[in-house]
Amino acid sequence: MLCPSRLAKLRPLPRPLLAAAHRRRRVDLRCAISSSPPPPPPQVRLRTTSSSSTGLGIQSVDVEECGDFLPWLERKAGAEVSPFLSVGKSAYGRSLFASKLIRAGDSILKVPFNVEISPDDLLPEIRSCKVGNVAKLATVVLKEQKMVQDSEWAPYIRCLPLPKEMHSMVFWSDEELEMIKESLVYQRTIDKKVGMERDFSVLRHALDCHLPEVSKDMKFEDFMHACALVESRAWESSKGYSLVPFADFLNHDGLAKAVLLRDEQKQFSEVIADRNYAPGEQVLISYGKFSNAVLLLDFGFTIPHNIYDEVQIQFNVPLQDPLYKMKLYLLQRHCLQITRNFGISKCPADSFTIKEVRSAKGKGTGIPQSLRAAARVLSCISPEELNDMEEEATQNDGRLGRRPLKNITREIQAHQLLLSSITKLIDQYNASAKLMKPTGCPASKRDGIRRLMACELLAGELRILKSAASWLENYTTNLCDEIKLAGGFVSR
């Protein structure tokens, strides 16, 4: 059977700068974007929401808290960081704005590595703790927060958002999480909190021994806040993860081509403008091609109609299937990568990621071939059929069920099985969407924001499921028509 994945294998923690491909593009990026056309409307939703009423692209200078931040950072770096940008506030929180005309191809920001914050700032005894890089960098943030004005990073720490300004899902209440229980993000959030609690326990013991001034009066909520800051603001680096002051005020546009680039030889991080910006206009970069599930879990925002949305589902071999052991063996042997530990799942399952199927009449791009192969395996009703399928895989590239079944009736049944399961998921998503319809004004601005995010998350995943169902319906209908033309009959 098919069900939303509740404990899928977590992807590597997403950051605005992830892949080596981003770094490899450094040499050619100026030429690639210098003649870029006017940008399409941005896919923008930002990390924090402040009480400011300023519009998205209109600057409100943040004089009280961060007006002197850039001069301080440049003094600390001993180099100019940006002649083009200034800190301000938009409707979505602290942001960076063009202080003068910016043209595509301009290097608008260079932050030397010597003013980045990394786990190297910890004592060796703390760095050696068996916790993740996020937890280690979060400990650095906690240490600097405890020092208050005595911290060398005080001007930066003051500019970081408070928990009440953040919407990362670890801050959501149980009632708020119930809004997205159909999505895999629900279980991932629970798992993330459990992981944070485990890391907190390990680090608390080490801090008590080596940095008691930090562990004194430290609560789990403080650690969770620090972890959320790191997850939503840090970039991958040679040191694990690093906070890049000033650069982390840049907000996300899902369609932007500009990214934060790291030059290990010259020892600085850089952003090159991908388009022109007028003075006072907010400057945006891309954090990566992330679905709303990833954006909401790690960054605390969603994007309406996110073009990178996807749905991760599980397709199980039912325990009551008479051929259960044989089917499971074949799937495991032929590299469908069955995952054994799925937390709340009571039977072995395989996780598959479905992307939007652009055309119901196309090749079904977006529905993984491995998922269709699993459906073909599950539709088999005799050992002979499974043996034939395995023999065909052995004679070809070794992958099971990647070609349409020679028995067209069985091919139809396989895809009808998949269609039926996806249709059930669609019904569950629709039911959740109806329950989230507002019955009046939200209790608070935060409640309204999180309800909107939950709606956008589920709407995106529902769109993906419907596109897959539409293609499967078209595929099975065409096969049925072929049988009828040949004088046969198939029960639907």
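**Exercise 1. Work out how many residues of helix H12 (residues 292-299) are buried, and what covers them.**

Step 1. Helices are DSSP runs of H or I with at least four residues, strands are DSSP runs of E with at least two, and both are numbered from the N terminus. Buried means under 20% relative accessible area, exposed means over 50%, and partly exposed lies in between, using a 1.4 Å probe and protein chains only.

Step 2. Count. In H12, 8 of its 8 residues are buried, and the helix is mostly covered. They are Asn292, Ala293, Val294, Leu295, Leu296, Leu297, Asp298 and Phe299.

Step 3. Look for the cover. It includes helix H9 (184-210), H11, strand E8 (251-252) and helix H17 (445-485), where contact means heavy atoms within 4.5 Å.

Step 4. Step past the end of the helix. Just after H12, Gly300 takes a positive phi of about 85 degrees.

A note on the numbers you are using: this is a predicted model, in which local features need pLDDT of at least 70 and side-chain atom pairs count only at pLDDT 80 or more, while totals for chains, interfaces and linings use all residues. Residues are numbered from 1 along each chain as its sequence is written, and side-chain values use heavy atoms, with hydrogens and water left out.

**Exercise 2. Describe how helix H6 (residues 133-147) packs with helix H11 (residues 220-233).**

Step 1. Start with the geometry. The two helices pack at an angle of about 115 degrees, with their axes 8 Å apart. Axes are lines fitted to C-alpha atoms, for helices over the stretch in contact, and angles run from 0 to 180 degrees between N-to-C directions.

Step 2. Find the residues. Among those of H6 that meet H11 are Val134, Leu137, Val141 and Gln145. The H11 side includes Asp222, His225, Leu229 and Val230.

Step 3. Sort the contact by class. There are 11 nonpolar, 3 polar and 2 charged residues. Here Ala, Val, Leu, Ile, Met, Phe, Trp, Tyr, Cys and Pro count as nonpolar, Asp, Glu, Lys and Arg as charged, and the others, Gly among them, as polar.

Step 4. Zoom in on Gln145, which lies in H6. At 26% relative accessibility, Gln145 counts as partly exposed. Leaving out residues up to four places away in sequence, Gln145 touches Ile157, His225 and Leu229. The C-alpha atoms of Gln145 and Asp222 are separated by 9.8 Å, although these residues are 77 residues apart along the chain.

**Exercise 3. Find where Val148 and Asp217 sit, and what their phi values are.**

Step 1. Take Val148. This residue is in the loop between H6 and helix H7 (154-157). Its phi is positive, about 50 degrees, although Val148 is not a glycine. With a relative accessible area of 49%, Val148 is partly exposed.

Step 2. Take Asp217. Its place is in the loop between helix H10 (212-215) and H11. Phi of Asp217 is near 65 degrees, again a positive value in a residue other than glycine. Asp217 is exposed, with a relative accessible area of 63%.

**Exercise 4. Decide how helix H13 (residues 324-333) and helix H15 (residues 383-395) are oriented to each other.**

Step 1. Read the angle. The helices pack at about 10 degrees, with their axes 11 Å apart.

Step 2. Classify. H13 and H15 are therefore roughly parallel to each other. Angles under 35 degrees count as roughly parallel, over 145 as roughly antiparallel, 65 to 115 as roughly perpendicular and the rest as oblique.

Step 3. List the partners. Met326, Lys327, Leu330 and Arg333 in H13 meet Pro383, Leu386, Asn387 and Glu390 in H15. These divide into 4 nonpolar, 1 polar and 3 charged residues.
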